[in-house]
Amino acid sequence: MEDGFFLIIGLLFLAAPIMAIVALVQIGKLKTEVANLRRAIVIMRARQEEAAAPAAEAPAPAAAATVEAPATAEASEIHAEVREEPEPAAETPTQVAPEVAVPDAAWTPEATPREEKKSTSWLEEALAFRWLVWLGGATLALGGIFFVQYSMERGLISPLVRIALAMGLGGILVFAGEWFRRRPLRKAIAALRPDYIPSAITAAGVAILYGSTYAGYALYDIFAPLLAFAFLAAISVLALGLSLVQGPLIAALGVVGAYVVPLLIGSDEPSYWSLFSYLTIVGAAVLAIVHTRHWWRAACCVIAGSGLWSAMAMPFADGLEDLIPLAVFILLAFIGQLSLLKTLPLIPENQKWQRPALVVFVASCVTALLLFALGLREENGVLSLAAMAVFTGVTIFAAWSTPAVERMAPVPAVMGLVVLVCWALPGEVYPLGFDAIGVFGRLPVGGPMDDLGTFLASAVLFAVFFGGVGHLALTHVRHKGLWALLSAAVPVLTLAIVYYRCDALMVDLGWAALGLLLAAMAVGLATRLHRHPQARALEIGVGLYAVATIGAISLAATMTLSEVWLSVALAVQLPALAWVNGHIRLPYGRHVALVVGGIVFVRLILLHTFFGTTFDVPARTAWIFYGYGIPAVAYYLAARWFHQERDSITVHFLESFAVAAAVLTVSLEIRYWVNGALMVERYGLLEQSLQSASWLASALGFYVRYKRMPRPVSYWGARILGLMAVVQIVVLQLVFNNPLFTGEEIGHWPVVNILLVAYGVSAAFAALFAWQGWKDRRPWLLWGAGGAALALAFLNLTLEIRHWFQGAGIRFGVVEDAELYTYSAGWLVFAGLLMLAGFWRHLPVLRKAALGIVLLTVVKVFVLDMAGLTGLYRVASFMGLGASLLLVGFLYQRFVLVPEQAKAD
């Protein structure tokens, strides 16, 4: 017992050394500041006297003597000097004279406040004036709490004495903090900067009083429930009164201590009613402080404390007897936060959302999350549904009646939709992976409500409530678009969720009828708003109901159709939406169109094409046209009508989707025409050639369109499709699928065969691109496309000669004399045609290309023909080459050198 006695004495006097250490750190700094304040008062009086009597000289020595008060005086002497100085008498306003310079002797470098501030580093100031003080207050509170825990574990003293000593310690600290604050020196310090020492001591005492009272009630049954409630209410009132004079620190530490006490002092038989009653009283006390002093951070502490305690207690709730107080506490905590809206008239208009309204909005989000978790824990029983209904009604009422928190209205709507998605229906464990690790567990009593009717009834009531309240609020609220969105979107989303949960997206005409009924109701509400006397102000509501109508029709189509027909049905909604947007202002029309367009794009481009959904359907040419062509047309019309109003990112995406759908339509038609089916592994040279030709044609069309109407889709469409064609021609048609290497049959007809499509058509498109580059003065396009055109045409000629002698199969092999000679002749004829075209159109580039082919022919004749040809073929090869070379020289002299010489003369 002697050890316990000395421990008690040590705890009672724990505050003395802490206060002494912190005070000694501050006194050396604060002495100078108090002296400087006194000097400033004296100098100000001297200047006022000089202004009143400008003819008299200012007594500089006296002033200097007065100013030069010893900076090393004790704190008590400084206080006495300040107290003994008479109060300045009220003076009549006089004309202020120019400032009189104060002698330099009065201001020494050591006494200058600015330099004194510079000499104190920010780290030293924060450590001495704030951090150590806060740590000291928290240490006092924890010391008192650990004392109670230690005495309980060792059995040193009886429970009654423990609680009495703990409450005595708390009361002493509270008294010491207030007594310390009222000292003259602390008042002088508080006049210069915030003084945290008194409030830290007081906050520690308040936390100890909270904990000791709760321990006497919950652990030892010393206090009856009524008496404990009275003590806690008295402590809350005491904390409220003290925080009004001691600042927010006492409120902050008091809140933290009050919320931490139940964690540090446990109980063998915890009671949810006791715990949450205590937390409710704590929250009410803190919110009362917030009402008076507008300390919004304290309100955030209440939100955090209430939310954390609810989340921690929920997994350990043992049946409804524990969940009921938890649900009541969650609702009371939210209602308490709503009471902060009474402070809105005192807040400037431009700060209403940043302060109380934002706090209430955060509280609504936290409450929605807690109630959602409660629904998972109870499996959406009567308690959780009733709590959600109360929360929804209170939130909607507050948002309707208070314009500053109208943004809070969607919170219960989102909560309800998520609850419907995650509702555990008969035969299910939480869908979408919720509660995979068993955090929320199954109720040991009561069991789930295995009644599908409860789910459907809740969904109907939820949709009707938000659809009706949102519509009725349109003529009474400020943010009409927000309430119209709730009224229009919530019923449609609810129907979609219920259909998904109940029918798993199967085709069902009954659900489709509900979708059409919902669309008809949206049309009726839009018509009602259109005929309203405030129709112009309600135009946004009309537009959103129109969007909801389109969404409901699309949902009905989803419930009725499948496969590609569903994509077609969704796609045709796009031009309808764009047409409505052109006649009625739809604030979210473009966003909805972008979402629907993206869904159709994913279904058509990704699912149908790359994952085989389309290939399971018998492919027909007409089916491909309406399956992909109709969405392409729908994309185009929607983009055009949206663009007539204004350009936007939605227009760019719709144009891109239209291009992709159109290209896919052509590509799939080519594949079906070549192979007779879509689901085949073969990708031969003919199909590759036709695909490349279609891509080159599209790229050329986009290039020409971009020059006339610059659009991003034309710019990127020309480049992407052109690059795809170039890569396929170079990699597949020239290398891997070249019939010279593969031996693929190219047909028996001369000229008109696969070679013409594979290389001749590509050469023609390359020549057209080169012509566009020449007209637009784009050297990179001219030389690149022109070189490609010459190379492909030369290859086509060479392979056609091979085809003439070898037939349908032109695999590389033995070359006869006639074939080898024909290569030289054909190349010379091709070079001659290019040269004549260059002379005719005055294009030096064609003449130079012709010369290059002639030189290639010369190398071929002297390297291959000389060794490979025999007899008359060798003679004809060399004679033909010689005559051609002479003809080239003559033509250059006639059409190039002579005109240039004449121009020079």
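Colleague: To begin, how many residues line the largest pocket, and which lie nearest its centre?

Modeller: Please keep in mind that this is a predicted model. The largest pocket is lined by 37 residues, and those nearest its centre are Val492, Leu493, Gly551, Val592 and Val595. Its volume is about 1,000 Å³.

Colleague: Which helix gives the most to that lining?

Modeller: Helix α19 gives the most, with 12 residues. Among the other helices that each supply at least two residues are α17, α21 (539-560) and α24 (589-610). By class, the lining of the largest pocket has 31 nonpolar, 5 polar and 1 charged residues.

Colleague: What about the second largest pocket: what is its volume?

Modeller: The second largest pocket has a volume of about 750 Å³. Its lining has 22 residues, and Ala770, Leu782, Leu843, Val845 and Leu846 are the closest to its centre. Helix α31 provides the largest share of this lining, 7 residues. The classes here are 19 nonpolar, 2 polar and 1 charged.

Colleague: What classes of residue line the largest cavity?

Modeller: The lining has 9 nonpolar and 5 polar residues, and no charged ones.

Colleague: Back to α17: what span should its residues have?

Modeller: At 1.5 Å a residue, the 12 residues of α17 (residues 410-421) should span 16 Å; the end C-alpha atoms are 17 Å apart, so the two values agree. The buried residues of α17 include Val411, Met415 and Leu420.

Colleague: And Ser824, is that residue buried or exposed?

Modeller: Ser824 is buried, because its relative accessibility is 3%. Ser824 is placed in helix α32 (residues 817-841). Leaving aside neighbours within four places in sequence, Ser824 is in contact with Thr857, Lys860, Val861, Asp865 and Ser877. Helix α32 also supplies at least two residues to the lining of the second largest pocket.

Colleague: Lastly, where is Val666 found?

Modeller: Val666 is found in helix α26 (residues 649-675). Val666 counts as partly exposed, because its relative accessibility is 40%. The C-alpha atoms of Val666 and Leu690 are separated by 9.9 Å, with the two residues 24 apart along the chain.

Key
Residues numbered from 1 in each chain as written. Predicted model: local features only at pLDDT ≥ 70, side-chain atom pairs only at ≥ 80, totals over all residues. Heavy atoms only, no water. Nonpolar A, V, L, I, M, F, W, Y, C, P; charged D, E, K, R; others polar. Helix = DSSP H or I, 4+ residues; strand = E, 2+ residues; numbered from the N terminus. Expected span 1.5 Å × (residues − 1). Buried < 20%, exposed > 50% of the residue type's maximum accessible area, 1.4 Å probe, protein only. Contact = heavy atoms within 4.5 Å. 1 Å grid on protein atoms, 1.4 Å probe; cavity = no way out; pocket = protein on both sides within 12 Å on 5 of 7 lines; lining within 4 Å. Points joined across faces, edges and corners; volume = space filled by probe spheres on them.
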